[in-house]
Amino acid sequence: MKVAVIGLGVEGINAVRSLLNHGYAVYASDVNHDIELESDDNLDVDLGFHDFDKIENCDAVVLSPGLWHHHDFQKFKTSGKLLSDIITLERPQFTIGVTGTNGKTTTTMMISSILQKAGMKVLTGGNAGGGFKGYTEVILEAESSNYDILLVEVCDMTLDFCQNAFDFDLVVVTNIGRDHLEVHQSLENYLKSLAKFVKGKKLVLNQEDEIFTELIDETVKTHFFTKIPYELNLFGKFNLKNAGAAKKTAEILGISDEIIKRALKQFHVLPGRSAIIDFPHSKIVVGKTDNVDATVAVLEEAEFPVIILGTPRKGEICRLDIFREVSKRKSKIIAIFPGLDDTLEDAQKILEEENYKGKVLVLTDVDDVVKFALECSERYPNVFIGGNGQRKIIEITESLKEAISAK
């Protein structure tokens, strides 16, 4: 069987890898030329164009989420040749989708941890950009073995794609915030897309979030969660809310409070997520906070005289609001480094526009960030490292942990 993968962004590249690993022949294409794929005897690649004859001759098609609404590829969505049409997931799998702006991955993994501790066989996966192997891997793996639960993290930019690819029994929405507005155009449009996604489903929502009113009208039944009342091995009050969402989901599935509490108390921070590194005279909080709401959630936990932030990709205008927000804080130093892209000038310009009165520094790479953070830990009680660039932030975290181990 040969599968065409159209679009080679992060999700598309992961789809190619998954298909090859599962023994499929693959034709892959993208209009961009600067894409690197490892060569394989079962892989045929066209860069700079899409060969529609080759696509038509394939047995199945994977259309990357970024091209889901592109007019050139609409015919494939109704052709019956999408991989998710051909590989129909066997029941009685109970399928859970976890979506929202922040906390998706942590909540997904908390749910997975609880269900596995309860003895269930759980397949967990989702958005390749969020650290999973991608949606194609979930579809292929779900066919290869019998699972009790299929648990999928759904990025807010892939709602329509996932609505087509999966049949969700329950949808968990962690929160709604200001991210990817270049795609949604507005928060109102995002809510409309989300309302369409959850229509006719059972839903888990934050009881304290009034913005969800529009969603409630679309669902079969709505369950509400609140933050859990006990401590976790995690940084931040926001994780108590993530845990509350996981707890409510487990309760719906009949898991006992004892198992839920034990699993959550044993849950540890995921790579790249906010964590505290204790130094002799200070604390460094480090973790990906790639939008303004995620950043605010951390900054509300303590005062940070030093804030170090990775910059977003070019064109991600709403993520630059992070720098507008931190300019209002009483920090003495804001240091910036190229996170996902070198948009340092954009960040500097915003700090100037906002009349930030502290010192602005530019750091060049991971080693530079680590060195500066360690120097600041000798002088200031709290240092925050966040922003964009999950891989770099993971590297920074590991280097800081090595530094504290050496002390």
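Keep in mind that the model is predicted. Its largest nonpolar core has 59 residues, and one of its sheets is an open one of six strands. The structure also holds nine aromatic pairs.

**The nonpolar cores**

- In the largest core, the residues that touch the most other members are Val5, Leu19, Leu83, Phe166 and Phe197.
- Helix H9, which covers residues 187-198, gives the most to this core, contributing six residues.
- Take valine 5 as an example: leaving aside residues up to four places away in sequence, valine 5 touches Gly12, Ala15, Val16, Leu19, Val26, Tyr27, Ala28, Ser29 and Val62.

**Strand S1 and its partner**

- Strand S1 spans residues 2-6, and four of its five residues are buried, so the rest of the structure largely encloses this strand.
- S1 runs parallel to strand S2 (residues 25-30), and five bridges join the two.
- Look for isoleucine 6, whose bridge partner in S2 is serine 29.

**The six-stranded sheet**

- Reading across this open sheet, the strands come in the order S11-S12-S16-S13-S14-S15, and the pairing is mixed.
- The edges are strand S11 (275-279) and strand S15 (359-362); each has a single partner strand, so one side of each is left without a neighbour in the sheet.
- From one strand to the next, the twist averages 15°.
- Strand S12 (residues 282-286) pairs with strand S16 (residues 382-387) in the parallel sense, over four bridges.
- Within this pairing, lysine 283 stands opposite asparagine 382 in S16.
- Helix H17 (residues 390-406) packs on the sheet, where it touches S11, S12, strand S14 (333-337) and S16. The direction of H17 makes about 30° with that of S11.

**Helix H13, a well-covered helix**

- Seven of the eight residues of H13 are buried, so the rest of the structure largely encloses this helix.
- Those buried residues are Val292, Ala294, Thr295, Val296, Ala297, Val298 and Leu299.
- Among the elements covering them are helix H11 (238-252), S12, S13, helix H14 (321-327) and S16.

**Rings that meet**

- Ring pairs link Trp68, Tyr135, Phe161, Phe166, Phe168 and Phe197 into a cluster.
- How are the rings of phenylalanine 166 and phenylalanine 168 arranged? Their centres are 5.7 Å apart and their planes meet at 45°, so the pair is tilted.
- Phenylalanine 166 is buried, with a relative accessible area of 4%, and phenylalanine 168 is buried too, at 3%.
- Phenylalanine 304 and phenylalanine 384 form another tilted pair, with 5.6 Å from centre to centre and 45° between the planes.
- This pair links distant parts of the chain, 80 residues apart: phenylalanine 304 is in the loop between helix H13 (292-299) and strand S13 (306-310), while phenylalanine 384 is in strand S16.
- Both phenylalanine 304 and phenylalanine 384 are buried.

**Charges over rings**

- Lysine 121 lies over the face of tyrosine 147, at 5.0 Å from the ring centre.
- Over the ring of tyrosine 230 sits the charged end of lysine 261, 5.0 Å from the centre of that ring.

Notes. Residues numbered from 1 in each chain as written. Predicted model: local features only at pLDDT ≥ 70, side-chain atom pairs only at ≥ 80, totals over all residues. Heavy atoms only, no water. Core = buried A, V, L, I, M, F, W, Y, C linked by side-chain atoms within 4.5 Å. Buried < 20%, exposed > 50% of the residue type's maximum accessible area, 1.4 Å probe, protein only. Contact = heavy atoms within 4.5 Å. Pairing = 2+ DSSP bridges. Axes fitted to C-alpha atoms, helices over the stretch in contact; angles between N-to-C directions. Phe/Tyr/Trp six-rings, centres within 6.5 Å; stacked < 30°, edge-to-face > 60°. Lys NZ or Arg CZ within 6 Å of the ring centre and 35° of its normal.
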